[in-house]
Amino acid sequence: MPRDILKTLKQEHDMLRDLFEEMKSTTDRASKTRTDLLKKIDENLLPHAKWEEEVFYPAFRERADREGLQTHAEAVQEHRAVERTVMPDVHGTEVSTPEFAGRSKVFGELTDHHAKEEENTMFKMAREMFTPEERADMDVQYEEWKQSPQAMAVLAEAASQTGADTVSN
C-alpha cells in the first residue's frame, strides 16, 4: 500500500481513541493503569500534534482557500486549547481521583472531536491540495522527523508546557 500522511495521521487518531476508551473504563483505584495510559497518550499525541503544527498545518495553510484558512484556524485553536489548558489540568490532577476521571474524559472528547474534524474536513481538502506523491513524501518526512534532534527538542518543550514530563510510574 502506498504511503500517505493522511492515512498515518488517521491511524494515530484511531490509536488515541482506543487509549482514551481504555482510560474511560478505569476506576479510581487503577492508579498505575491510568498513569501508564496517560503516558502512552502523551507519547502518541505530542509528536502527532507538534508535527502537524510545525509541518502539516503550515503546508496546508499555504494552499488553502478561505474555507481552508478557517479550517486551519479552528485546528490550530483546538491544539492550543488542549495543550495550554486541558493537558496541564489533567497532568496536575492526582490519577486516583474522580477529578482525573472527569478531566481525562474531557481530554478524550476534545481529542476525538478534533480528530473527526480533521478527518472529515481538513483531510478531504488536503487530498485535493496535495498529490499522492506529496502525501507520501510527507509521510516519510514525518517518520524521519519523529527520530530527529529537532523533534526531541520540540517534544521536550511541549512535554514541559503541558505537564506531560511529570508522568511517571
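**View 1. Helices that line the largest pocket of this predicted model.** Helix 1 (5–24) and helix 4 (98–129) each give at least two residues to the lining. Helix 4 supplies the largest share, eight residues. Helices here are DSSP runs (H or I, at least four residues), numbered from the N terminus. A pocket is an open set of points on a 1 Å grid over the protein atoms alone, where a 1.4 Å probe fits, with protein on both sides within 12 Å along at least five of seven lines. Lining residues have an atom within 4 Å of a point.

**View 2. Centre and make-up of the largest pocket.** The space amounts to about 270 Å³. A lining of 16 residues surrounds it, and F20, E21, K24, K105 and G108 are the closest to the centre. Volume is the space filled by probe spheres set on the points, which are joined across faces, edges and corners. By class, the lining has seven charged, five nonpolar and four polar residues. Asp, Glu, Lys and Arg count as charged; Ala, Val, Leu, Ile, Met, Phe, Trp, Tyr, Cys and Pro as nonpolar; the others, Gly among them, as polar.

**View 3. The second largest pocket.** Its volume is about 190 Å³. Of its 10 lining residues, D42, E43, L46, A159 and A164 are the closest to the centre. Helix 2 (31–63) and helix 6 (149–162) each supply at least two lining residues. Helix 2 gives the most, five residues. Seven lining residues are nonpolar, three are charged and none is polar.

**Notes.** Residues are numbered from 1 along each chain as its sequence is written. In this predicted model, local features need pLDDT of at least 70 and side-chain atom pairs count only at pLDDT 80 or more, while totals for chains, interfaces and linings use all residues; side-chain values use heavy atoms, without hydrogens and water.
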